[in-house]
Each structure stands twice: as structure tokens, then as C-alpha cells.
Amino acid sequence: MRPSRLAVHAVLLAYTALATLPILLVVMNSFKTRNAIFGEPLSPPDGLTFSLIGYTKVLRSAHVGTWFANSLIVTIGAMFFVLLFGAMAAWALTEYRVRGVTALALYLTIGVMVPIRLGSVAIVAMMRHIGLNDTLLALVLVYVAQGLPMAIFILAEFIQQIPRDLRDAARCDGVPETRIFFEVIAPLLRPAVATVAVFTVVPIWNDLWFPLILTSSEGTHTITLGVQQFLGQYITDWNSVLSALSLAILPVVVIYVIFSRQLISGLTAGAVK
Amino acid sequence: MPAPPQVAMMPRARLFGLMLFFLGPAVAVYTAISIYPLLATMALATYRITANGDYEFVGLSNFVALLSDPSWSKPFWNAAWNNLKFFIVHMLVQNPVGIALAGLLSLPDLTGKSVYRTLIFLPTMLSVVIVGFAWNLILSPLWGVSEGLLKSVGLGALFAPWLGLPSTALITLALISVWQFVGIPLMLIYAALLNIPEELVDAARVDGLGQMRIFAFIKLPLILPTIGLVSVLTFVGNFNAFDLVYSVKGALAGPNFASDLLGTFFYRTFFGNQLQVGDPAMGAAVATVMFFIILVGVCIYLLVIQRRLSRYAY
Amino acid sequence: MATLALNHLNKSYGETRILKDVNLTIGDGEFVVLVGPSGCGKSTLLRMIAGLDAPTSGDIHIGARRVNDLEPAARKIAMVFQSYALYPHMDVAKNMTFGLKFSGLPKPEIDRRVADAARMLQLEPLLARRPRDLSGGQRQRVAIGRAIVREPDVFLFDEPLSNLDAALRVSTRVEIAKLHRLLKATMVYVTHDQTEAMTLADRIVVMNQGEIAQQGKPLDLYYTPANLFVAGFIGSPGMNFFDAVVRRSEAGTMTLGGEAQPDFALPGALVPGARLKIGVRPEHLRLGGQGPLQVRGAVELVERLGEVSYAYARVGGSQIIAEVRGREAPQAGVEAVFGAAAQDLHLFDEAGRRVASGSHP
């Protein structure tokens, strides 16, 4: 290999190590006894030092299952509605050239830059007022509102690339507009779903702010909030802390590694705009 | 065959009904939960909550207090100033590193490219809570992992409980944030680099440029619009930042408010903490000020930077 | 200016062989066109000469130097790309001088070269413009200008006319031909269009599936194609082919027979039973023409282009094309007889190689 290429790989390897070692360190040490964590933090667990004590404590004392389910419900629910409402809106914006459509499009897409958190004061009041405080539905609504602008932006670009002929042919055949959307256009949007997913799913799953201000009881916490509270509580219990972190890390990593190709191509495809 | 029914020829009532159907849900949710609360918050900021819970209109006096009354302005300006430092660290470290890594990853015929990409992007997928805590542990003097690592390369003297010292806490948190989020500028710029046609690079090679020069003179100028976008996204993200500081330092953003950002200041003001009662109206005022700061940044981007940087069609 | 020699050049990507033992010598000042269908390896070969890709094995010499290990700029070559590859963020003048700045040339020299090239290609009014403000033809001229200022030993063209519209293609083709005469430079030109090959080349190299099918002067390839592939590739519309078998062969005359045409005799001495393909160009297949080959068929379609028309007829089971000149042309649906002279017949054996016959070497 040319010396310059060697240097390139050296740099990339160094940075990759920097990016992954902290995680490896945490996960590796979560399987060790307390003494081993402090005594030999850098060595992997062996026969003597292997221990699952942290995990048992976490799984017994925390509502991890509930939190995980909550995160799943909220994320999938929000994703579904973001895609549905977003695609419908993107379709109407690109297809129906009416006066005021461009203004509406602008209105919807400035949301990309508007940080929804700043309206939290009123959101909390609103949710309390309509009786949705401390519910998962409140979270879903908030995340849908948060994710719509970016989703509409990405989906609109995508819809514009669908050949006009498809819709014209359907119109010629007398197909009603709603069916054109749901049966002709929607199936073609599948590639865009990956792009939208990257921009919406990860921020929702990892969000701390809204679960913090909208959910008060432990039963409604998401996994992110739950882990954060747990960590705060058991801060001196290193085994439990490391295990809790690892439990939170591993599902994400596994899913990420499985879907990494689609995720990254989705990100690069959408990002070019 | 008759011409297909054009949208323009649809009866107005029907078109209106369709628009309502397709756009209604999105606009409703967005307006109700994104726009209206923001406006309501800004309105609330002009009120004061009296001792018996009534709302009293006070105009801009909340803002005046925020900016000049020492009991409010001291923490406010501290948080604002910290936020600026936070942003500068990101601009100086996160974005150049992201650009450099993107440049390396986009080199032709790079073995293991997708493995590198997947692994380097991994921290971005993690929850901020996890990242904050993991680094808290790693940098903790109690555990000694980082101290041990530094000692092994002879730099043991450099170690300090950085997260615990007022002088270094903010920078350390900023670097942890950079560590986590390098993936985003990396990916956006990587995508922009991929968009540059291969023939352009070939022409530059025939012209005699080596890879470094090709990056500096050909690729970099062509991705400036994307760098602009990354910068404004960094700005919006940084001035909204909360999660990392909260999960590492709690709402008080210690030590001694050294890591306080506008986000944590807002949270504390609105919800209260062990040192003060929550004050929604002042909280609303903080949020409004944050909104305007972000708005200014976005406007500068849209009106100044985006105009100047032209996107090239190849 | 320099010669170019490619010896035993091979290129494989994993299992796929793109170039198979290519040998080619190009003389000083020659205009050589590499032509062939997509996938034949012509662009790969050009990129290897340029130094943008490396061969799996084989040598490349420019002049007396072996250039295998040299970067493109060190080989003293210049390349004109299909999509022009102009730097979008620089104006025309900067596009042309950009590479020279890094080569250590003094500024007055650079300015002189740019001025000369601009004059040659009528680029003077465009020097301050950006590529996006130029038309396709103008961009192509700038791309050529960028190549000229390098004063290379060899010019390389990678399908430079493909992205231009038809009329512009013709005029730019003429410009390139004039440029060659003016600069007397060695030029290697890649195209899939055989018209460009025929009009521009001193020598054509026809490539097919990684190998050279035939090389030679344009008219040599036209009149004496060495194999079935070249025969069918050169000439537009393409050559007609008829199956035939040698029925008898005595005293230097062969009798050839087939389904599409009555038996006829040709000078030659092939073994009876040998299977052949007979090729005739549409322009040599005359309506009511004299000659040993006579084919009869129903005219299905006549394309009238003015003085020249093309008649599509069904002969035997297949379609043939015949050129018809003049205002009178056969009607569709009519039965017609077409004939070709012995000297216009090309014979190919079962392997597709040219077979010599007395009427045609």
C-alpha cells in the first residue's frame, strides 16, 4: 500500500477506536464484579471476574420492560403518523398547484428550524388542560409535530421525482384522487421511508426532554428517561449503573448494525438536498 | 382519447375538500403543537404570575429583568456566554473533524470504507443519557480508567477531574457532545462529496493535482453550501442543547453553574429546583429570548450565507 | 509529440476480464480512433493510457518512456472528457490555467498558452464566464482548450461528442479534425459512433469484448473487414448477411447456394459443404442490379430521405436493407429483386473470419 494510504488508514483506525472504545469499555465492564471493575478496568471479563450481578439488580429493580415498551409504542406510533400525515401533506403540496400552496409549504417547513422545545411551557399547560398529561399519547402528538416538517421536506422532494405519467394515466382511467394517492403513490415511497426514519426515529427514541416534562409516573417513562432516573438513583452502584447503560446501548447497537446500510444510504440520499 | 382531467379543471369545492383531507391532519398537529405553543409562550412571557396565581400583564418587564436585574441577568448571561463557548467548540472541533473524516472516507478504492463509516457513526445513534453517563464514568477519578490510560502513554500529569472543575467542565461536556455528534456533519458532507462527479476528480488528476490539493481546491469549494447548512444546524442544535448537561450534571448544571446552558437555565426557571420555585412566565421569557437568538442565527444563514454560496449543478 | 505503444495489456476486475492481451502501436502525430459497442473496453483502455487506472499486466510506453508507474500529469498527456468535467466554481480562463499553476511554469508562459488556445478555439469572449453560463458546444471547446494548453505528447478524447446535439456534433467533429491538422498531435479518440471513427481517424481500432477485432485505415475496414463483427459494425446502415453453403467447387470456381437466393458462382476454391456467411452492404445491393447475387423479396417499408431511400424487404426469413437512389423508389408491398456485384460480396467462414475469394482478397 502506498505510504499515503497507510497514513489514511492510521487516522481512520485511530478515530474509529476513539469512537468505539468508550462503548466497549462500558459494556465489557458491565459483566465484571465490582472489584474487577476497579482493579482491572481495561481487561475483558474472564472466568474469575465474570459477573451478572449488575444485570440482575437492574432487571429486578427497574421497570425496564415497561420503559422499553413505552419507547417502542411512542416511537412507532409517532413514526407511523409522521409518515402518513407527512406523505399526504407532501403530496398535496407538490400536486395541487393552488394559490397559497407555496406559502403553506413554507409555513410547514420552517418547522425544521423552529425548536419545538421552546413552546414547552404552553405544551405542558395544553396537555394538562385536555387531560393528556402523563400519557404516551401526549408524547406521540409532540413527536409527530416535531417530525412533520423534515418529513414533509424529504417526502416532497421524493414525490416530485415520481414520473407524472403514472398519475396522469390513473386520472385518465378515472381513478379518484384519494385512491391515486394511497394505491399508486404511497407504495412508491418506500425508499423514502428509510430517509425519513433516520431523521425521526433516532431523535424520538433518544429524547430526554419531553418525557421529562410530560410524564411524571414511572409507568409512563420511556427507556431513555427511565435509565437516566435509574442512573441518578444508583449512582454509586457501579455494577448496576454499567449494566443499565449496557442494556440501553445494546438494542440500539444491534438494530443499528443490522440496518446500517439502509440507514446510511437513507441519510446520504436525503441529505443531498 | 379525451385529455386527462387536470387539477386545474377540478371544481373548486372538490379541490378544497381534497386539500383539506390531505393537508388537514399535518397542518392541525403542527399548528396546535409546534406553532401555537410557541406563540402562546411568547405571549405568556409578557405576563407575571401573582402570589395568588393570577396572570398580570406586564409588557416587556420580564425581558428587562432577564437582561438587567442581577438576580436574573447574572445566570442568564452566564448561560448565554456558556452556550456561545459550547457552540464555538463545536465549530472548531466537530465540523473540521467531520469534514476531514468525510474527505478520507470518500477517497476512491478505500478498503473497509463501510466498516469505518458504520463504526464512526455509532456514537450518534446512542442516547445522550448513555453517552453522558459513560463518559462521566470513564473520566471519573474514582474509576481511574482515563487516568490509567494517560499514565500508560506518559501523559499522566495531564489528568484532572475535568468534569468536576468549573474551569474545564463546560469544555469537557462540549467535547463529549462533539464526540457524539461528529456523525452528522460527517454524513452530510460525505453525501455532498459523493455528489461530485468522478470525472471532475479525473480531470484534476490529469491536471496534475494530488489528493490533498484536489480536496482543498476542487472538493472543498464545491461543498461549501453543505458546510453552511451544517453550521446552521450546529447552531440551532447547540443553542437548544440540554440533554447532555442535564444527564451529567443535573438541572443545576454545576459545578457552580459552570456548565449551565440556555437549555438548562430555561428548564430550571420554568420547573424550579431546590434553589428556586418554578416561574412559568419568566421561563416563557427565557424561551422567547432563546427563540430570537436562534432566529437571528437562522436569518443570518438564510439571507447572507445561503445567498452567497451557490449550489453547483454538474 | 510522441508515439504510443501498448504491449500485452490486460485488465481484470476480480473474475471479469475487461481487456484481453491488447497490443497497439500508435505513431507520432497519428489520429487513432478506438471504436466499439459499450462494454468493449475502449474507455478502460483510454483510462489506462491516461494513468487513471492501472493495468493488471502489460506495458505502456509513451515515446521512449515506460509510463506504467507514472501519475497522469507526469505522462505528458491531456484528456477531454465526455461531460467536459469543467470546474464549476472557476471561470473559463481559470479552468484552463488551473493545472498549469502547479506545474511550475512561469506566469508569462501560462498566459501565452491560454491566449493561443483561446484564439484557436474562439474562446476569447468567454474567458471570464463560468461553465454554467456556457452552452454545451462552448463547454466542449473550453475542455479542448484546457487540454491544448498542457502541450501534451498525446491527446486523449473520451466520447467528447456524445453529450452534444446532432448539429453541434457535426460542427465540433470538423473542429477536432482541423485541430489535428493544425497541431499535428498524436490523438487517441474513443467513441461508439462509427461515423465519427470513419471521418476523423487516420487509423481505426475496432474493439469487441476486450480485444481488437481489427485495426487499419477507415476505408480498408470498410472495403475489407477482417471478420463478421467489423463488417457489421462499420457502415451505416449495417451490412446485410445471407447464409450460404458451398455446393460444388471445381477449377477455381465455387457454386454457393442458400435459402434466400438462387445458386451462383464465384471464383474461389473452398471445400464443398463449407458453411459461409455472405455480406453485402445496403449501398451495394441494387434494385434490379446485375451481379451473381440475386435476392427476391417483398418490400415491407421504404424510408425516403430525399435523394437516398432505404428499402426494407423480407428475403427468405429475414429482413434486408437496400439503398435506392433517385426519385423513384419501390412501393411497400411490391415484390422486388436486388442484385450485387461479385466485388461487393464479403465472405466469412463459420468462425466469422474473412475468407478470400477470387473476386475479393
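Author: Let's start with a term: a nonpolar core is a set of buried Ala, Val, Leu, Ile, Met, Phe, Trp, Tyr and Cys residues joined through C-beta atoms within 7 Å. Buried means that 20 or more other C-beta atoms, placed from the backbone, lie within 10 Å of a residue's own. This is a predicted model, where local features need pLDDT of at least 70, side-chain atom pairs count only at pLDDT 80 or more, and totals for chains, interfaces and linings use all residues. Residues are numbered from 1 along each chain as its sequence is written, with chains lettered from A and ligands numbered from 1 in the order in which they are written.

Reader: Which residues of the largest nonpolar core touch the most other members?

Author: Among them are A:Leu148, B:Ala26 and C:Val188, out of 272 residues in that core. Helix 7 (residues 136-160) of chain A gives the largest share, 19 residues. Helices here are DSSP runs (H or I, at least four residues), and strands are too (E, at least two), numbered from the N terminus.

Reader: How do I read a sheet, and what is the strand order in chain C?

Author: Strands of a sheet pair through backbone hydrogen bonds, either parallel or antiparallel. Pairing takes at least two DSSP bridges between two strands. In chain C, an open sheet of six strands runs 6-7-8-3-9-10, with mixed pairing. Strands 6 (77-80) and 10 (211-216) of chain C are at the edges with a single partner strand each, so one side of each has no neighbour in the sheet.

Reader: How many bridges join strand 3 to strand 8 of chain C?

Author: Five, and these two strands run parallel. C:Val33 has C:Tyr189 in strand 8 as its bridge partner.

Notes:
A residue is buried if 20 or more other C-beta atoms lie within 10 Å of its own, exposed if 12 or fewer, and partly exposed in between; C-beta atoms are placed from the backbone.
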